[in-house]
Amino acid sequence: MFAAKKRFSGLLLMLAVIMIMTACNSSTGSGATEQTVAGSEATTGSIETNTDSSKATRIYKSLSGDVEIPAEPKRIVTDMYVSDLLALGVKPVGAIQYYLENPFYSDQVEGIENIGDRGAVSLEKVVELNPDLIITYSDQVAEIESYQKIAPTVVIPYGTFTNVHDEIRGFGELMNKSEEAEAWLKTYDDRVEAARAKVKAVIKPEETFSILEVSDKSYYGYGDNFGRGGQAVYRALELAPLEITKNELMGDTQWKEISREVVGDYAGDHIFLTVGENHKNYQGDAIWQSLPAVKNNQVYELQEDRYWYFDPIAIQGQAEEFADMIVERAQQNRK
């Protein structure tokens, strides 16, 4: 009987030890240690201790709040930010059709699945791709909430970044690839500087440039951060805008409709003119024909579905294309 009691007491002691060890392990697992990762004021990261490295996470401080994301996401779905990921050597598993058709990185999108188009994303397709991170520019609450039910979701609203350097560095922080971001920017700066040098060789500093778009009844004018080549013209190539462009189109307002009667007020010495299929080889009316840029053969037509894009890779390509256009036209006009 004594021996039985002794064995029973031993079993109770062992059980108590096991319970204490289990409690300690549970406490260690739930009280995660965080290690700060270098970042900007807008984005910092932290790594959660986890014995399974594939489940390691960090906190991304987005404009809409803290988001726990994988430390090394492997299956990313995005809508607009394909270019930013490709620039860092990251290929998403899914993106919307419009951005997959971007001609400036068309050679890099093989294998990326189409999840629909702008305003018509297929949530079923997103689920099917089993993403571990979703990056969206959406401002639709219902859509964002649907994404959040599928995977950790980072919302980066349109217009968050106003230049290529901030954008690439911002994504470098998000993806924990700041070194890759700086390497890409070094190449970007070198290529843009070469394009800028080409232009300076044939353009006088005081010559002005405008970005217009023609429609059936009017024109539209654009600034330096709304596509149509604005970032490439004014930021990358550093070409001079008109004062009216600086005052009216280079702040919170980046575009406006311009009546045909006053288009001359917005027409610089050179005009980059976005046209659709029905306005190719645009001749315009008498007012248009009277513009100095038209008379001097310094209007450069831009195919709309090529120059609507405004991502970092597109801006780099557009800057180089614009430089070649300007140099070629200068050579033609000298003959």
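Is N297 buried or partly exposed? In this predicted model, N297 is partly exposed, with a relative accessible area of 37% (buried denotes under 20%, exposed over 50% and partly exposed the range in between, for a 1.4 Å probe and protein chains only). Residues are numbered from 1 along each chain as its sequence is written, and side-chain values rest on heavy atoms, without hydrogens and water. Because the model is predicted, local features require pLDDT of at least 70 and side-chain atom pairs pLDDT 80 or more, whereas totals for chains, interfaces and linings use all residues.

N297 lies in the loop between α11 (292-295) and β16 (helices, H or I of at least four residues, and strands, E of at least two, are DSSP runs numbered from the N terminus). Although not a glycine, N297 has a positive phi of about 55°. A positive phi of about 50° is likewise found at N130, also not a glycine, in the loop between α4 (123-128) and β10 (133-136). N130 is exposed, its relative accessible area being 56%.

An open sheet of five strands has the order β14-β13-β12-β15-β16, with mixed pairing (two strands pair if DSSP finds at least two bridges between them). Since β14 (255-258) and β16 (299-303) are edge strands with a single partner each, one side of each lacks a neighbour in the sheet. The twist averages 30° from one strand to the next (axes are lines fitted to C-alpha atoms, for helices over the stretch in contact, with angles from 0 to 180 degrees between N-to-C directions). Strand β13 (residues 219-222) pairs with β14 in the antiparallel sense over four bridges, and Y220 stands opposite E257 in β14. Helix α13 (residues 312-334) packs on the sheet, touching β12 (209-214), β15 (270-275) and β16 (contact means heavy atoms within 4.5 Å); the direction of α13 makes about 145° with that of β16.
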